[in-house]
Amino acid sequence: MSFPAVLKSHSILVSPIALVDQARSLFRLFQSPKMMALMLLGFSSGLPLYLTADTLQAWMTNQGLDLTTLGLIGLVSLPYSLKFLWSPLVDRFSWPVLGRRRSWIAAMQLGLAFALAAMAMGNPRENLQGIAVVAVIVAVLSATQDIAFDAYRTDILEVPELGTGAAIGVFGYRIALLVTSALAFKFAEWRSWPEVYLAMAGLMLILVGVTLWAPEPRAYEPPTSLKDAVQMPLVEFFTRSGIAQAFAILLFITLYKLGDTLAARMATPFLLKTGFSLGEIGDIKGGLGFVATTLGVLAGGVLLGKFGVNRSLWICGGLQAVSNLAYLLLALAGKSYGLLVATVAIENGCVGLGAAALVAFLMSLCDARFSATQYALLSSLMSVGGILLGSSSGALAQVTGWPLFFGLTALAALPGLLLLPLFAPWTVGKSRLNVDSPSI
């Protein structure tokens with residue numbers, strides 16, 4: 001059977017009417033209180049990230065701090081990579097008010113509001129050490145909020161809602177990144193950096209109301225001790241999956257976005273060496289890239305709702321691999337503004353698709369009793385894998401040259417895809433790991 005026939009037989013090629021119906025169904029789901037809560041809580045989860053990273057570095061640059069200091073301040077973000085270390089606390093304990101997940105989210109939001117307000121009272125030039133300490137506190141509180149939000153999202157979604165829930169949570173998160181980068185920069189130019197941080201503190205305080213309003217997930221019995229909260233998530237995962245399949249899943253999570261990671265690491269140096277200006281790269285990658293990724297995430301929600309997690313991993317993984325070939329064409333063609341626009345749109349759109357599929361897959365792997373710990377461990381594995389494996393991208397590009405490098409990044413996506421038949425076959429599976437949902 002030809003490839004187009006295969007696509008048609010599995011309803012990947014659909015009529016415009018079907019696409020409109022699918023979009024209307026997705027829009028109706030977004031109107032539900034559950035989905036609106038996920039979008040706003042995703043926004044809350046993403047709000048502090050740049051305030052301890054890019055935005056903080058911009059403030060410090062305006063204050064005249066040297067590049068060495070700007071580089072070292074990046075260590076403030078380390079808690080995001082280490083959050084799995086204290087995630088069992090979120091599974092084991094809860095605060096006296098609200099539910100098991102919302103109590104943690106609300107507590108972290110309150111702490112973040114006060115910490116961001118404290119940053120607004122400081123000045124990097126006059127009290128760098130104080131700003132750095134408070135920034136670390138913000139990062140720890142923010143990472144803990146991420147743990148609780150990921151667990152909340154995992155617990156509250158039914159299987160048919162995984163794709164939409166994953167997409168709308170990521171959508172809210174990305175809107176927060178836009179607010180704390182482009183909009184924050186504009187506001188700082190108009191007013192001042194302390195006022196930016198004070199405004200973000202006020203916004204975080206308002207978001208506490210969202211947490212109070214958000215629906216409560218179904219209650220599950222928490223681990224009976226901290227020891228169980230540490231051990232049982234691993235025991236449950238390996239027991240449920242089996243040793244061989246569990247390791248295949250962990251390896252897949254590490255490798256699924258390897259091709260994208262390698263290409264993304266070298267995208268800006270490549271474009272600069274090709275002759276594009278910083279302004280052109282910023283406008284296209286920052287503006288169009290953000291829009292394309294966001295649309296890709298929302299399209300991923302539609303795709304997941306129609307085909308389920310298993311098939312979406314295949315489709316999105318394949319598109320991620322093919323999208324890197326757009327950079328290959330640009331490397332062969334040389335400087336071409338039109339081709340740059342197409343490359344950024346294609347590559348970022350496919351990144352969004354892959355992100356939605358992978359988040360839904362990670363949620364499908366979690367047991368609600370230990371979702372905070374299991375999701376934190378799985379997402380940390382994905383992050384650390386990207387950092388370690390992606391670190392070789394510069395050396396590889398230097399040895400191979402740009403066209404061959406981007407060709408190899410497309411091939412780097414294949415090992416992850418080759419693992420899919422072991423736990424996420426294209427055919428609908430019956431096990432918990434083979435979650436395939438009906439159409440929305």
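Reader: Contact here means heavy atoms within 4.5 Å. Which residues does Leu328 touch, not counting residues up to four places away in sequence?

Author: Leu328 touches Pro403 and Phe406 on that count. Before going on: this is a predicted model, where local features need pLDDT of at least 70, side-chain atom pairs count only at pLDDT 80 or more, and totals for chains, interfaces and linings use all residues. Residues are numbered from 1 along each chain as its sequence is written, and side-chain values use heavy atoms, with hydrogens and water left out.

Reader: Fine. Where is Leu328?

Author: Leu328 is in helix α15, which covers residues 278-333. Helices are DSSP runs of H or I with at least four residues, strands are runs of E with at least two, and both are numbered from the N terminus. Leu328 and Ala410 are 82 residues apart in sequence, yet their C-alpha atoms are 9.3 Å apart.

Reader: What does Ala331 touch, with the sequence neighbours left out?

Author: Ala331 touches Phe270, Trp402, Pro403 and Phe406, leaving out residues up to four places away. Ala331 is also in helix α15. Its C-alpha lies 9.3 Å from that of Gly401, 70 residues apart in sequence.

Reader: Is Ala331 buried or exposed?

Author: Ala331 is buried, because its relative accessible area is 19% and the cut-off is under 20%; exposed is over 50%, partly exposed is in between, with a 1.4 Å probe and protein chains only.

Reader: Phe406 keeps turning up. What is its aromatic partner, and how do the two rings sit?

Author: First the rule: rings of Phe, Tyr and Trp (its six-membered ring) pair if their centres lie within 6.5 Å, with planes under 30 degrees apart stacked, over 60 edge-to-face and the rest tilted. The count by this rule is 17 aromatic pairs. One of them is Trp402 with Phe406, a stacked pair at 5.9 Å centre to centre and 20 degrees between the planes. Both residues lie in helix α19 (residues 402-411), four residues apart, about one turn of the helix. Phe406 counts as buried because its relative accessibility is 0%.

Reader: Which residues form the aromatic cluster there?

Author: Phe270, Tyr327, Trp402, Phe405 and Phe406 form one cluster.

Reader: Which charged ends sit over rings?

Author: The charged end of Arg191 sits over the ring of Trp190, 5.6 Å from the centre, and that of Lys306 sits over the ring of Phe307 at 5.8 Å. The test is NZ of Lys or CZ of Arg within 6 Å of the ring centre and within 35 degrees of the ring normal.

Reader: Now the whole chain. How many helices and strands?

Author: The protein chain has 20 helices and zero strands. Buried residues make up 52% of its 440 residues. Of the contacts between residues at least 6 apart in sequence, 83% join residues at least 24 apart.

Reader: Which residues touch the most others in the largest nonpolar core?

Author: That core has 99 residues, and Leu56, Met119, Tyr197, Phe252, Leu313, Phe361 and Phe423 touch the most other members. Helix α9 (residues 128-156) gives the largest share, 13 residues. Another core, of 17 residues, lies apart from it; Tyr327, Leu328, Leu330 and Val344 are among its members. A nonpolar core is a set of buried Ala, Val, Leu, Ile, Met, Phe, Trp, Tyr and Cys residues joined through side-chain atoms within 4.5 Å.

Reader: And which residues does Met119 touch?

Author: Leaving out residues up to four places away, Met119 touches Leu51, Leu56, Trp59, Ile131, Val134, Ala135, Val138 and Tyr197.

Reader: How many disulfides?

Author: Zero in the whole structure, where a disulfide is a pair of cysteine sulfur atoms within 2.5 Å. The sulfur of Cys316 has its closest cysteine sulfur in Cys350, 8.4 Å away, so the distance is too far for a bond. Cys316 is buried at 1% relative accessible area, and Cys350 counts as buried at 10%.

Reader: What about the backbone, where is phi positive at Leu98?

Author: Phi of Leu98 is near 65 degrees, a positive value in a residue other than glycine. Most residues other than glycine have a negative phi. Leu98 is in the loop between α7 (87-92) and α8 (102-120), and counts as partly exposed at 32% relative accessibility.

Reader: Last one: what is Pro88 in contact with, leaving aside neighbours within four places?

Author: Leu226, Ala229, Val230 and Thr373. Pro88 is in helix α7 and is buried at 6% relative accessible area. Its C-alpha is 8.8 Å from that of Asp228, 140 residues apart in sequence.
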